[in-house]
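The sequence and the model are shown first, and the description follows.

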Amino acid sequence: MTTDLAGRSATAPTEDAVTRLDWVGTLARLVLGIVLLVAGALKVGHPAASARAVQAYQLLPYDVARLIGYGLPMVEIIVGSLLVIGLLTRGAAVVASLLMAAFVIGIVSAWVRGLAIDCGCFGGGGTIAKADTSYPLEVARDAGLLLCGLYLLWRPRSALSLDRRWYGI
Amino acid sequence: MAKNATPPGRHAAPESSRRDKIQQAAGSVRTGPSPMVIGGVVAIVAIIVVVAWTIIANNNAKSAQSKGGSQLPKGVAAMGQPFTRGTPAAGAPTLDIYEDFQCPGCHQFETTFGAAVRAMAEAGTAKVNYHIMSFLDDRYRGENSVRAATGAFCAAAFDRFGQFHDSVYANAPAKEGQGWTDAQLEQFATDSGITGADLTSWKTCYTGRAMQQYIVSMETAGEKDGIVNTPTIKLNGTAMTLDGMDPASFTKAVTGK
């Protein structure tokens with residue numbers, strides 16, 4: 001790290017300087033955003049299957065789970081798109097982190113209750129054979145994505161984003 | 001300021017003028033609308049899109065429920081109730097079979113245990129309840145599950161549900177999700193022994209989707225029973241595990257003989 005004569009760190013964030021952390025932000029945005037976008041796109045055309053996947057967790061009343069199943073893919077698509085283009089990064093990161101936290105809780109709870117379900121994260125879902133469950137992997141993946149979200153919550157600045165282009169943030 | 005008085009390096013300009021330059025430059029770059037405005041607009045549009053999408057999906061699901069006829073198949077007393085194959089003896093154990101005509105696992109179950117189930121149903125040694133579900137239509141984007149179910153329940157009017165059901169599984173499509181043509185389903189009716197005037201009235205029932213609402217009601221009832229995968233086989237209300245069973249041990253598990 002170099003320091004200029006005014007005592008300012010040369011790597012301190014300014015409007016023009018793209019720092020290494022900004023690229024970390026870009027990576028977090030793209031990973032979280034693309035996963036959400038793909039997950040939403042795969043489910044959005046199959047509302048009934050999506051509703052069944054949510055119902056399979058047996059956490060919410062039947063009709064509430066159904067409506068969430070209908071709406072969730074669209075939420076994923078919108079939040080994923082915002083993250084990919086880097087617009088309203090912090091707001092999108094809040095929603096994405098809440099989603100990931102809810103997914104982690106849902107999957108862990110299904111695991112603990114001994115349900116044998118597919119998380120339904122990318123379509124499909126519902127009961128599967130016990131041997132086919134992959135709870136540790138699903139939890140690890142969503143926890144990793146949650147970290148991406150929390151990082152962006154803490155530091156929404158990133159390279160190649162509309163936020164940066166338009167507002168310098 | 002004399003040149004030799006300035007410190008060496010590129011950052012010699014006084015801090016204030018540097019900031020001015022940055023702000024000037026930034027001012028020309030920040031062409032977008034105010035963050036508050038765009039944040040508010042995007043949030044509102046997003047909420048409207050999600051709510052509208054959910055309402056549309058909900059309405060589509062509702063219209064599917066009210067489409068077609070509301071006839072009940074012969075032998076079924078109410079919406080959502082399963083179809084009982086054969087005439088069970090008093091006190092016979094109840095075997096609930098949840099299946100979707102398009103489900104490959106169901107095809108496997110039918111190939112292995114179908115004859116045993118048929119034997120128990122015909123002998124009346126078990127009360128064989130079919131809960132015909134149709135959720136795979138959503139996955140495969142078609143109506144094959146509902147169409148096959150319609151054909152089967154229309155055949156019930158001539159006491160041929162069982163034969164039709166077995167024909168559908170005996171003629172599973174080569175590729176999952178491919179389904180059956182109308183001509184194939186009509187052939188299953190003929191193969192089941194429905195001919196002449198009966199076939200004509202089977203066709204009227206099939207073409208008019210007379211049992212549509214019953215089929216939807218059974219899907220909903222199955223979901224509410226927590227059936228999220230097919231086949232699910234329940235013996236007296238408890239899900240059975242078929243791992244390692246053959247038709248003989250399956251029959252013994254159900255009937256005790």
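How many bridges join E2(B) to strand E4 of chain B, and in which sense do the two strands run? Four bridges join E2(B) to E4(B), which covers residues 232-235, and the two strands run antiparallel. The model under discussion is predicted.

**The sheet of chain B**

These two strands belong to an open sheet of five strands in chain B, with mixed pairing and the order E1-E3-E2-E4-E5. Its edges are formed by strand E1 (83-85) and strand E5 (238-239) of chain B, each of which pairs on one side only. Helix H9 of chain B, residues 212-224, packs on this sheet and touches strand E2 (94-100) and E3 of chain B. The direction of H9(B) makes about 100° with that of E3(B).

| Strand pair | Sense | Bridges |
|---|---|---|
| E1(B) and E3(B) | antiparallel | three bridges |
| E2(B) and E3(B) | parallel | seven bridges |
| E2(B) and E4(B) | antiparallel | four bridges |
| E4(B) and E5(B) | antiparallel | two bridges |

Arg85(B) lies opposite Val128(B) of E3(B). Thr94(B) has Lys127(B) in E3(B) as its bridge partner. From E2(B) the chain passes through helix H3 of chain B, residues 104-123, to E3(B), and this β-α-β crossover is right-handed. Towards E4(B), Ile97(B) faces Ile233(B), while Tyr98(B) has Thr232(B) as its bridge partner.

**Helix H10 of chain B**

Which residues of helix H10 of chain B are buried? In this helix, which spans residues 247-255, they are Phe250(B), Thr251(B) and Val254(B). Viewed down the axis of H10(B), the buried residues fall within an arc of 100°, so they line one face of the helix. An α-helix has 3.6 residues a turn, so residues three or four places apart point the same way. The buried residues of H10(B) pack against E2, H3 and E4 of chain B. On the face turned away from the buried side, H10(B) carries the exposed residues Ala248(B) and Ser249(B). After the helix comes Gly256(B), with a positive phi near 80°.

Chain A contains six helices and two strands, arranged along the sequence as α-α-α-α-β-β-α-α. Its C-alpha trace spans about 65 × 30 × 20 Å along the principal axes. Of the 169 residues in chain A, 43% are buried. Among contacts in chain A with a separation of 6 or more, 68% are between residues 24 or more positions apart.

The largest nonpolar core has 92 residues, and those touching the most other members are Val79(A), Ala96(A), Ala152(B) and Ala155(B). Leaving aside residues up to four places away in sequence, Ala96(A) touches Leu32(A), Leu36(A), Val79(A), Leu83(A) and Gly149(A).

Terms used:
Residues are numbered from 1 along each chain as its sequence is written. Chains are lettered from A and ligands numbered from 1 in the order in which they are written. This is a predicted model: local features need pLDDT of at least 70, side-chain atom pairs count only at pLDDT 80 or more; totals for chains, interfaces and linings use all residues. Two strands pair if DSSP finds at least two bridges between them. Two residues are in contact if their C-beta atoms, placed from the backbone, lie within 7 Å. Axes are lines fitted to C-alpha atoms, for helices over the stretch in contact, and angles run from 0 to 180 degrees between N-to-C directions. A residue is buried if 20 or more other C-beta atoms lie within 10 Å of its own, exposed if 12 or fewer, and partly exposed in between; C-beta atoms are placed from the backbone. A nonpolar core is a set of buried Ala, Val, Leu, Ile, Met, Phe, Trp, Tyr and Cys residues joined through C-beta atoms within 7 Å. A crossover is right-handed if, with the strands pointing away from the viewer, the path from the first strand over the helix to the second runs clockwise. The arc is that of the directions from the helix axis to the C-beta atoms.
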